[in-house]
Each structure stands twice: as C-alpha cells, then as structure tokens.
Amino acid sequence: MKTKTGIKNAFIIQALNAFISGVTYILLPLLMLERKISIESMGLIFAILPLVSQTNRVVFATVSDYIGRKKFYWLCGIMNLVHLIVYYFSKSPFGFLLGKISEGVRNASLWSVNRAYFLDHSQEGEKTLVKMRGIGSIFNAIGTLLAGFLLTKFFYDKTLYLLMVLSFLIFPNVKKLIDKEKRKISILAILEALSFSNKTKKFKTFFILFFVSGLYFGLVGSYVFPLFLKGAGIMTQNIGLILGARILFGGICIYALRSIGKGKYKMLIGGFFYSLFLILLPFTNQISLPILMILLGIVGGISDVGRETIFIEVINHNSMAGDISILMIGTHVGMAITQAIAGFVITSFGFLPLFFSASALNLFFCLAAFKNMN
C-alpha cells in the first residue's frame, strides 16, 4: 500500500509541476516583452535553461541511484518556489537569466528522478512512463489554457504570486514518497556508470539521435510558438487557449494510446504528420491556425508515446536514472544551440526558416529512431 501511495503522490507532483510550467510557458515570453527584453536577448536567456538542466541532471540522477530519489523531489519543490520569486522581481536580462538558472535546477531535480522513481515502484514500466507523460501533458495544457485568462484578470505579478502559493502543495506530497533501499555510494561505480565508453552501440546511436531531436525542440519550443501567435495577431488570452488546446489534445493521445500498438510505429506515423503540419503553419490564416495547432498536438502526442519506449530499450536498469540523464545530454545541448540562434533568426528572417528546419530534423529523427528500435 505504501508503494502505491508513493506512486500516487509522485503523479500529483508531476501534475503540479506541469501546471506551473504551463502557465509560465505563456507568461514568461510575454512578460519579457512587457519589460523591454529584446527577442535576441530572450533567445540567449532561454538557451541557458537546457544547459543548466542537463549539467545538474546527470549528477542528480547518478547520485539518486545510491541515496534515493526523494531528496531531489524536495529540491524540486524548493526550486519551484525560488524560480517564481526570481521572475517576480526580474526587470533586466540578468534577472531573467538568474530565473532561468533556478528553473533549470528545478527541472533537473524532477526529471533526473521521476522516470526512475516510477520504474522503481511499478511493474508496468512502459505504461507507467507513458501515463506520467500523459498526466504531465494534460496538466501542462490546463495551465497553458488558463494562462491567458489569469494574465488578463490578474496581470503578470499577481499570476506569479498565485503560482508561488500553488507551489507549496508540492511539499506534503513529497513527504509521502517512498524511497527504495539505498545503496552504499561507490565513487568507482559512479564513474563507471557515467563512462560513455561502457555504453552499448545502441545507446550511443540514440545519444546522437537525441541531439538531433534537441535541435528540433529548440527551434519550436519555449518562446517561439507564443511569439509566433502574437505576431500573427492572436490576442493574449487566445494564445493561451490555442497552445493549451494543442498540449491538451497531445496529452489525451498519450494517455489513450499508451497500451495500443507498438511504440515505434506510433512515433513514425505521428512524427511524419507533425513535420507535415509544421511546414504548413506559416501559411495559415487566423481562422485555420488554431485548427492546425490542435492537429500538431494530436500527432505530437502520438509520436511522444513511441519516444518513451526508447528509454525502456536502451537503459541499464542497474543505473537507469544516470543512463536516462546521459541520453538527455544530447537533447539539451541541441536545444541550447537552436534556442540561442532562434531569436536572431526570427528578428532577421521571421519564423519560416525555423519551422522548415524543425520539420526536417524531426522527420530525420523519427526515421532513424524507427530503424534502430526493436
């Protein structure tokens, strides 16, 4: 019973974290524009997030394989509060940079241990991971859907204050988490687990492919879609509704399809249509734009179901948190590169080059990953 309770509370933490992230997904780029931060500076600031996240994530994940996951859930709760406070007071690029650094530590502390925690306590590894992604996507969507309403009614400062209050709900749920039996820390074993030379050929192949996926995510993630919709003349409250609907339908697809069919086929089919719809995005009008964004969410959700199965195939279950984090190094380095570039591309050439490049990279990833999956 205790283990089941621990899983339930871990899902609640995932949901709370996702909701807060959903609101700030809309709030932050618009707040930065409101406070006169240039788009070029915005790109550089957002680029620090994946680097900070991944640097800490590898360390946190590897150590958690020995001292347990719960300590890092505590850190997630603390940093959730800290990064919101920093954004509340930020008035300059340096302030927002500090906010992104603290947000990076928040992300690292959760994502270094969440998949491993569920695998520790569940007999249905793949289904549990997909359920985690589905719940996260749905609550992220709810936060995004409500963001426009919150910003219209409470403006930026009061919305951040509400999120700070909400973040306190994480702590009682962390208290109820159950750690598996801890192992004695061995520096030699940690170094061996982190050694890239000890990984399988398949692991190394997917490390490179995850780098490609990171390049794609950086071109269309974080601030790009909110700015694209704002530039297309969409009102602030409707930006949240459109992007929230996109994420919500993606989350529903992840949850609904978690037990249907083979993961690699879902990833390939969803990824193909995602690339196709992404190319069409710059050529749509204000009437068809919301429909296309929702379609992106649906096919993106289908593809994400397959992506989660990759972790099951390639990790060593004696060092699973560390292996997952090493795999994600490629993704976060790729994201950092393209997020830093995206702001300059938008200013000089608009959004079209971003969407075309992201479409090609996503399609390459899906084809190559399909070929290398069992």
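## Overall shape

The chain has a radius of gyration of 20 Å, which agrees with the value near 21 Å that a compact globule of 374 residues would have. This is a predicted model. Along the principal axes, the C-alpha atoms fill a box of roughly 55 × 45 × 35 Å.

The secondary structure is helical: the chain has 15 helices and 0 strands.

Of the 374 residues, 57% are buried. The chain exposes about 15,700 Å², and carbon and sulfur atoms supply 70% of that area.

In soluble globular proteins, nonpolar side chains tend to be buried together. Here, the largest nonpolar core holds 56 residues. Phe225, Leu278, Leu281 and Phe355 touch the most other members. Helix H1 (residues 2–34) gives the most to this core, with 10 residues. A second, separate core has 44 residues, including Ala108, Tyr117, Met267 and Cys366.

What does Leu281 touch, leaving aside residues up to four places away in sequence? Its partners are Phe225, Phe228, Leu289, Leu292, Met293, Leu296 and Phe355. Two of these partners, Phe225 and Phe355, are themselves named with Leu281 among the core residues that touch the most other members.

## Helix H5

Why is helix H5 (residues 114–121) largely enclosed by the rest of the structure? The reason is burial: 8 of its 8 residues are buried.

The buried residues of H5 are Asn114, Arg115, Ala116, Tyr117, Phe118, Leu119, Asp120 and His121. One of them, Tyr117, also belongs to the second core of 44 residues.

## Ser102 in helix H4

Ser102 lies in helix H4, which spans residues 93–111. Is Ser102 buried or exposed? Ser102 has a relative accessible area of 8%, so it is buried; the cut-off for burial is under 20%.

Beyond residues up to four places away in sequence, Ser102 touches Met79, Val82, His83 and Val86. Helix H4 covers residues 93–111, and Ala108 is one of the residues in the second core.

Conventions
Residues are numbered from 1 along each chain as its sequence is written. This is a predicted model: local features need pLDDT of at least 70, side-chain atom pairs count only at pLDDT 80 or more; totals for chains, interfaces and linings use all residues. Side-chain values use heavy atoms; hydrogens and water are left out. Helices (H or I, at least four residues) and strands (E, at least two) are DSSP runs, numbered from the N terminus. The radius of gyration is taken over C-alpha atoms; the globule rule is 2.2 Å times the number of residues to the power 0.38. Buried means under 20% relative accessible area, exposed over 50%, partly exposed in between (1.4 Å probe, protein chains only). Accessible areas come from the Shrake-Rupley method with a 1.4 Å probe; for residues, only the protein chains shown count as cover. Contact means heavy atoms within 4.5 Å. A nonpolar core is a set of buried Ala, Val, Leu, Ile, Met, Phe, Trp, Tyr and Cys residues joined through side-chain atoms within 4.5 Å.
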